[in-house]
Amino acid sequence: MERILEVRNLSVEFYKGGKIVPALRNVSITLNENEVLGIVGESGCGKSTLALSILKLISEREGKVVSGEVLFKGEELLSLSKEKLLQVRGGRISIIFQDPFTSLNPVFRVGTQIAESLSLHRKENLPAQQLEKEIIELLQLVKMPKPKDTMLSYPHQLSGGMQQRVMIAIALSPNPEILIADEPTTALDVTIQKEILGLLTELQKKLGLSVVLITHDFGIVAETCQRISVMYAGNIVEEASTSEVFHNPLHPYTRGLLESLPSREESPDFSQGEKRRLKAISGQVPDPSNLPSGCKFHPRCPIVIEQCKPEEPRLREVIRNHWARCIRAG
Amino acid sequence: MWKIFWRRFRRNKLALFGALIILSLTVVAAIAPVIAPFNPNEQDILHRLEPPSGKHLLGTDDLGRDLLSRIIYGTRVSLLVGFVAVGIAIIIGTVLGLLSGYFGGGLDSLIMRFVDITLCFPTFFLILMVIAFLEPNIWNVMVVIGLTGWPGLTRLVRGECLSVREREFVQAAKALGLSNRRVMFIHILPNVMAPILVAATLGIGGAILTESALSFLGLGVQPPTPSWGNILTAGKDYITVAWWLSLYPGLAILVTVLAYNLLGEGLRDVLDPRMMAE
């Protein structure tokens, strides 16, 4: 399998209230062709920053890429000229965001917004009829119930699920090779979540896309991803195939996350008078501007030892193709 | 989208009233030659300073010209000045405001300092100076009023742009590979239109007042071309013997500016971001 996207040692800093805050610290991920990679982590761990950084969408006012590179099929993206970068964005790598409602321009009809994306990345100017046909085809691709009506609607007239489908349609219209989905279902209710994820999976297979799925929900990655990278405090702490992560989590943070998921076998059965508390990881996610020394997880770690405190562990390949940033893993 | 505005607009009585008046005035200005009973420049010295009568509905001025006709033609001047002056201010103000708000940083500082400096001048005196320096005619008046009006709009547009810029759809648009120019003018601009429209409408009222004042002082539209302001110039000299020469042009100015203010206030309500809620 070929590596279609490689992020190498990416470090990004933000300027917040006069202070410099490290958002990403030496992050490396690999996306293989035709694969769905899941990036899991809590809020604030840097997953959205990672997504934005890949397409150089962090504005100069907010922060900057300190070091590292992003390789798309061997081509380095962060040093591309503005022109070429605009072609990559959308045209070869697309990104969809968490809240579909705010991601759509409220004053334009949905059809117009899809048309804009379609015309932008084509070299030729499409005649109106052809454009309309393609828009309807796209809406059918994302399983929109009434494509013609939707095309003429404004974003606020559509439900959350439909808005997200529109976003997906816009993102896929230029035929990108990679789709980055930043928490695509977090803003939707559970039943719609399932539909949208199903749609994404189907589209991925049908169009041969490579997908980076960013989420904080382990349930989602279990169903849709082949590989998972777990993020904590600005870097990757574990990376492995989905089954490895679930059956053999090596990093204590991953284990903690998995254990804190409510499981059906253990759910409280009130008829038998048994109650069980949800397991949680003690402590709180560290403030990025004030990170602990050594391993960033050590203050909350159930198996912490003295050696964890002075120096941050490297990400090492503990088992084949299974990496963990913990000196006690394996 | 516009249907929602229209519905709301119809419900707002004051705005409708204002709009109606403005519409009527526009029609009057357009068909002035048709409805004016007399040629506004036709002098009739024998019948100067006559009070309102059957023949001259609003009376005559100091050169025997029919006041009603002069006021009707004066409508053209006022509306033209209003639109052009504010038009100039909007174009400059919007472009600079968008650039300033979108890019921030050095460009923003530069533009804003320029705005601050311009706003320090007492506008009216600045205009007086410029016109006195140049030749007083309707075009100079329009341009100068426009050039003193843009700073306020720039600040307004910049503020709106700053808030719209942070909204996710702007990020999504960039993520799609849209150039900065497209993002600013096609995506952000329609979302900052509402306050611009309101400010513009209110601004027209202001521009009309300014033009009237300038013409009154002799530095605006020059006679014999009738402007409500320059009719008042004669009016003030004969006010004791010919009250109609001051009252009617004054009323015309009053009604027009009031209409624009009402429309502007009405638009402010109609275009409120409440639109999301509907």
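The buried residues of helix α2 (residues 82-91) of chain A pack against β4 (63-72), β6 (93-96) and α4 (110-121) of chain A, together with α8 of chain B. Packing is judged here by contact, in which the C-beta atoms of two residues, placed from the backbone, lie within 7 Å. Helices (H or I, at least four residues) and strands (E, at least two) are DSSP runs, numbered from the N terminus. The model is predicted; local features need pLDDT of at least 70 and side-chain atom pairs count only at pLDDT 80 or more, while totals for chains, interfaces and linings use all residues. Residues are numbered from 1 along each chain as its sequence is written, and chains are lettered from A and ligands numbered from 1 in the order in which they are written.

The buried residues of α2(A) are A:Leu86, A:Val88, A:Arg89 and A:Gly90. A residue is buried if 20 or more other C-beta atoms lie within 10 Å of its own, exposed if 12 or fewer, and partly exposed in between, with C-beta atoms placed from the backbone. Seen down the axis of α2(A), these buried residues fall within an arc of 165°, so they line one face of the helix. The arc is that of the directions from the helix axis to the C-beta atoms. A:Glu83 and A:Lys84, on the other side of α2(A), are exposed.

The contact between the chains takes 21 residues from chain A and 17 residues from chain B. On the side of chain B that touches chain A, the elements giving two or more residues are α8 (168-175) and α9 (180-216) of chain B. Of the elements on this side, α8(B) gives the most, with six residues. By class, the side of chain B that touches chain A has eight nonpolar, six polar and three charged residues. In this division Ala, Val, Leu, Ile, Met, Phe, Trp, Tyr, Cys and Pro count as nonpolar, Asp, Glu, Lys and Arg as charged, and the others, Gly among them, as polar.

Chain B has eleven helices and zero strands. The C-alpha trace of chain B spans about 75 × 45 × 25 Å along its principal axes. Of its 278 residues, 43% count as buried. Among contacts in chain B with a separation of 6 or more, 70% are accounted for by residues 24 or more positions apart.

The largest nonpolar core has 153 residues, and those with the most contacts inside it are A:Ile180, A:Leu213 and B:Ile188. A nonpolar core is a set of buried Ala, Val, Leu, Ile, Met, Phe, Trp, Tyr and Cys residues joined through C-beta atoms within 7 Å. Helix α4 (residues 67-103) of chain B supplies the largest share of this core, 15 residues. Leaving aside neighbours within four places in sequence, A:Ile180 is in contact with A:Ala51, A:Ile54, A:Ile93, A:Ile95 and A:Val212.

B:Val192 is placed in helix α9 of chain B. This residue is buried, with 22 other C-beta atoms within 10 Å. Not counting residues up to four places away in sequence, B:Val192 touches B:Val157, B:Glu160, B:Cys161 and B:Val164. The C-alpha atoms of B:Val192 and B:Leu98 are separated by 9.3 Å, although the two residues are 94 residues apart along the chain.

In chain A, strands β11 (residues 316-319) and β12 (residues 322-324) pair in the antiparallel sense over three bridges. Two strands pair if DSSP finds at least two bridges between them. A:His322 in β12(A) is the bridge partner of A:Ile319. The two strands form a hairpin with two residues between them, and A:Asn321 in the turn has a positive phi of about 60°.

The loop between α11 (252-259) and β11 of chain A holds A:Ser293. A:Ser293 counts as exposed because 12 C-beta neighbours lie inside 10 Å. Not counting residues up to four places away in sequence, A:Ser293 touches A:Lys309 and A:Pro310. The C-alpha atoms of A:Ser293 and A:Glu312, 19 residues apart along the chain, are separated by 7.3 Å.

Further backbone features lie in loops. A:Lys143 has a positive phi, near 60°, and is found between α5 (128-141) and α6 (147-151) of chain A. B:Leu49, in the loop between α3 (32-35) and α4 of chain B, has a positive phi near 55°. A cis peptide bond with omega of about 10° joins B:Pro223 and B:Pro224; B:Pro224 lies in the loop between α9 and α10 (228-237) of chain B.
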